[in-house]
Amino acid sequence: MVSLKTVFATLATVIGANAAAGSLQQVASGFGTNPNNVGFYYYKPSGLPAKPALIVAIHYCGGSAQAYFSGTQYANLADTYKYIVIYPDAPRSGKCFDVHS
């Protein structure tokens with residue numbers, strides 16, 4: 001089992017290495033093993049503080065990371081309040097996360 005501290009440190013490294021700000025970005029590799037093949041997208045506004053907050057925005061069943069990015073206010077609020085938004089993308093059929101096992 002991987003600790004949350006390790007997960008967040010890895011995310012910070014991956015996101016920090018990708019300089020683009022202000023648009024949805026996909027991370028294809030570099031964040032460790034991914035046995036379930038979950039997609040990983042993030043939104044990083046410009047002007048972040050040294051230690052920004054991180055919000056994980058998990059899409060609805062049948063949705064996608066891209067649809068949730070476009071259809072919610074997380075990114076707009078991130079521009080205002082200066083935090084990073086992570087948008088995981090479910091790889092399963094039906095585009096649902098396994099939340100019951």
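How many helices and strands make up the secondary structure of the protein chain? The chain holds three helices and four strands, as seen in this predicted model.

**Figure 1. Overview of the protein chain in the predicted model.** Read from the N terminus, the order of elements is α-β-β-β-α-α-β. The chain has 101 residues, of which 29% are buried. Its accessible surface comes to about 6,300 Å², and carbon and sulfur atoms account for 57% of that surface. Of the contacts between residues at least 6 apart in sequence, 64% join residues at least 24 apart.

**Figure 2. Strand E4 and its pairing partners.** Strand E4 spans residues 83-89. Strand E2 pairs with E4 in the antiparallel sense, over five bridges; within this pairing, Gly39 has Asp89 of E4 as its bridge partner. Strand E3, residues 53-56, pairs with E4 in the parallel sense over four bridges. Leu54 has Ile84 of E4 as its bridge partner.

**Figure 3. The two faces of E4.** In a regular strand, side chains alternate between the two faces of the sheet. On one side of E4 are Tyr83, Val85, Tyr87 and Asp89; on the other are Ile84, Ile86 and Pro88. Both faces are covered, and all of these residues are buried. Because seven of the seven residues of E4 are buried, the strand is largely enclosed by the rest of the structure.

Figure 4. The largest nonpolar core has 10 residues: Tyr41, Tyr43, Ala57, Ala65, Tyr68, Ala75, Ala78, Tyr83, Val85 and Tyr87. At least two residues of this core come from each of strand E2 (39-43), helix H2 (65-71), helix H3 (74-81) and E4. E4 supplies the largest share, three residues.

Figure 5. A polar atom of the Asp89 side chain lies 2.8 Å from the backbone nitrogen of Ala65. The side chain of Asp89 also joins that of Lys95 through a polar contact of 3.0 Å. Leaving out residues up to four places away in sequence, Asp89 touches Val38, Gly39, Tyr41, His59, Ser64, Ala65, Gln66, Lys95 and Phe97. With sequence neighbours up to four places away again left out, Ala65 touches Tyr41, His59, Tyr87, Pro88 and Asp89.

**Figure 6. Ser64 in the loop between E3 and H2.** Ser64 has a relative accessible area of 16% and is therefore buried. A polar atom of the Ser64 side chain lies 3.0 Å from the backbone nitrogen of Ala67. Apart from neighbours within four places in sequence, Ser64 is in contact with His59, Asp89 and Lys95.

**Figure 7. Cys61 in the loop between E3 and H2.** Which side of the cut-off does Cys61 fall on, buried or exposed? With a relative accessible area of 56%, Cys61 is exposed. Cys61 touches Gly94, Lys95 and Cys96, residues up to four places away in sequence being left out. Cys61 and Phe97 are 36 residues apart along the chain, and their C-alpha atoms are separated by 7.1 Å.

**Figure 8. Aromatic pairs.** The structure holds five aromatic pairs. One of them joins Tyr60 and Tyr68: the ring centres are 6.0 Å apart and the planes lie at 65°, so the pair is edge-to-face. Tyr60 is partly exposed, with a relative accessible area of 45%, whereas Tyr68 counts as buried at 16% relative accessibility. The rings of Tyr68 and Tyr74 have centres 5.8 Å apart and planes at 45°, so this pair is tilted. Tyr74 counts as partly exposed, at 28% relative accessibility. Ring pairs also link Tyr43, Phe69 and Tyr87 into a cluster.

Methods: Residues numbered from 1 in each chain as written. Predicted model: local features only at pLDDT ≥ 70, side-chain atom pairs only at ≥ 80, totals over all residues. Heavy atoms only, no water. Polar contact = N/O pair within 3.5 Å; in protein donor to acceptor, adjacent residues only side chain to side chain. Contact = heavy atoms within 4.5 Å. Buried < 20%, exposed > 50% of the residue type's maximum accessible area, 1.4 Å probe, protein only. Areas by Shrake-Rupley, 256 points an atom, 1.4 Å probe, with all protein chains shown as cover. Core = buried A, V, L, I, M, F, W, Y, C linked by side-chain atoms within 4.5 Å. Pairing = 2+ DSSP bridges. Phe/Tyr/Trp six-rings, centres within 6.5 Å; stacked < 30°, edge-to-face > 60°.
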